[in-house]
Amino acid sequence: MSTPDRFSDLRVLRWFDRIDSAIAGEMVGPIRASLDLTNLCSHACFFCEPLDYRKATIADKNHTLPYNVALEVLHDLAEMDCKTINLSGGGEPTLHPQFGLILRAAANLAFRTWIVTHGGLLHKWFDDLLLADHIRISLDASNGAEHKIMHGTHGGDFEKICDNIKELCKRRVNGSPEIGIAYIVADCNDMTQSYEDVFKFAEDSGVDFIHFRPLSEATVDRFTADWEQVCIQLEAIAVKHPKVQCFPLGKRWKDVIYQREFETCYSAFTNAVIGANGDVQACCDRRDIVFGNVNQQSFKSIWLGTKHREKAEAIQPKLCTRCLQCGYNRAVERFVVGNEALPELL
């Protein structure tokens, strides 16, 4: 199965000039931004990261981004020509009391909007969700028993989420938004029948894709299979369900285990993460590196400030315990910094 464009390293060529300018120290806004609306969540996934950070903000009652601050950040991002807003992050975004209004504001500002959700509250926001470009539901199971293990949910929750997915698919117009399922593979759901069942559900419901990835290194003892063999199995099953795209990726598996060859975190200069507590952070995995707080000053002043630049330049990727942005950083170093793009395209 060929690598789809959305996961190709060559994607960075779309933003070559913007990335190159950011690396050179010019005042440019982020290409995309992850806006965490809340660190609260109604599920209890054992693999959730970073759990300690979330718990600390909840204990301090600093776990939800105020509505007015979220709007100010969105307007700053629009002014800085940010292209995509990702509403996911720390907890469950649909738990924010103004989730729908925030999504509508992002859509009105012409952002491409990506939603990542556990799906349990989709029914509260059906009309608003139709304004999104991409919705990914973290199902991570093919039945209620697996879902209970993976998400710490109770009886009936899995079925309600599946009903929400079906209804959302029915309501969309002309195939928009794109709707997909995320399936983290662990020993408890790594079975042929489980894969067959989730593909059948996706096809019957009208889901566009399923994104598979293995558990990260923090919980590696709960995933003991050979991932390459799992991918072969998934691709064989996917052939029988041609209406559903299959994306079996090793992201956050190999990248967090193998040594990183790049010296700079280019993502910290080009991709923004705004935590639910207001902190503008280096990334979803390095919540400890903070450039400023949008409850205290504007996002624009933080992003274009010297503190952001100095802290981003000081990041040593080899010291990070895990890295969701490894692929992006590697691609930037190869195709933007190293200018390898032309040979790759010949």
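Let me start with Glu79, which counts as exposed, at 55% relative accessibility; exposed means over 50% relative accessible area, buried means under 20%, and partly exposed is in between, with a 1.4 Å probe and protein chains only. Before going further, this is a predicted model, in which local features need pLDDT of at least 70 and side-chain atom pairs count only at pLDDT 80 or more, while totals for chains, interfaces and linings use all residues. Residues are numbered from 1 along each chain as its sequence is written, and side-chain values use heavy atoms, with hydrogens and water left out.

Back to Glu79. Its side chain meets that of Lys300 in a salt bridge, at 2.6 Å from N to O; the term requires a side-chain nitrogen of Lys or Arg within 4 Å of a carboxyl oxygen of Asp or Glu. Lys300 lies in helix α12 (residues 299-303) and Glu79 in helix α3, so the pair ties together parts that are 221 residues apart in sequence. Helices here are DSSP runs of H or I with at least four residues, strands are runs of E with at least two, and both are numbered from the N terminus. Lys300 itself is partly exposed, at 28% relative accessibility.

How many salt bridges are there by this rule? The count comes to 14. Another of them joins Lys200 and Asp204, at 2.7 Å from N to O. These two are four residues apart in helix α8 (residues 192-205), so about one helical turn separates them. Lys200 is partly exposed at 48%, and Asp204 is exposed at 55% relative accessibility. Then there is Asp81 with Lys83, at 3.0 Å from N to O. Asp81 has a relative accessible area of 38% and Lys83 has 29%, which makes each of them partly exposed. Arg18 joins these two in a network of salt bridges.

Which residues touch the most other members of the largest nonpolar core? They are Phe199, Phe212 and Phe299, in a core of 80 residues. A nonpolar core is a set of buried Ala, Val, Leu, Ile, Met, Phe, Trp, Tyr and Cys residues joined through side-chain atoms within 4.5 Å. Leaving aside neighbours within four places in sequence, Phe199 is in contact (heavy atoms within 4.5 Å) with Ile210, Phe212, Leu234, Ile237, Ala238, His241, Val244 and Cys246. A second, separate core has nine residues, among them Ile19, Tyr266, Phe335 and Val336.

Just after α4, Ala110 takes a positive phi of about 70°.

Last, the rings. Aromatic pairs are Phe, Tyr and Trp rings (the six-membered one for Trp) with centres within 6.5 Å; planes under 30 degrees apart are stacked, over 60 edge-to-face, and the rest tilted. The count is nine pairs. One of them, Phe46 with Phe47, is edge-to-face, at 5.2 Å centre to centre and 85° between the planes. Phe46 is partly exposed at 24% relative accessibility, whereas Phe47 is buried at 13%. Phe223 and Trp227 are also edge-to-face, at 6.1 Å and 70°, and both are buried. Phe199 comes back here: with Tyr183, Tyr195 and Phe212, it forms one aromatic cluster.
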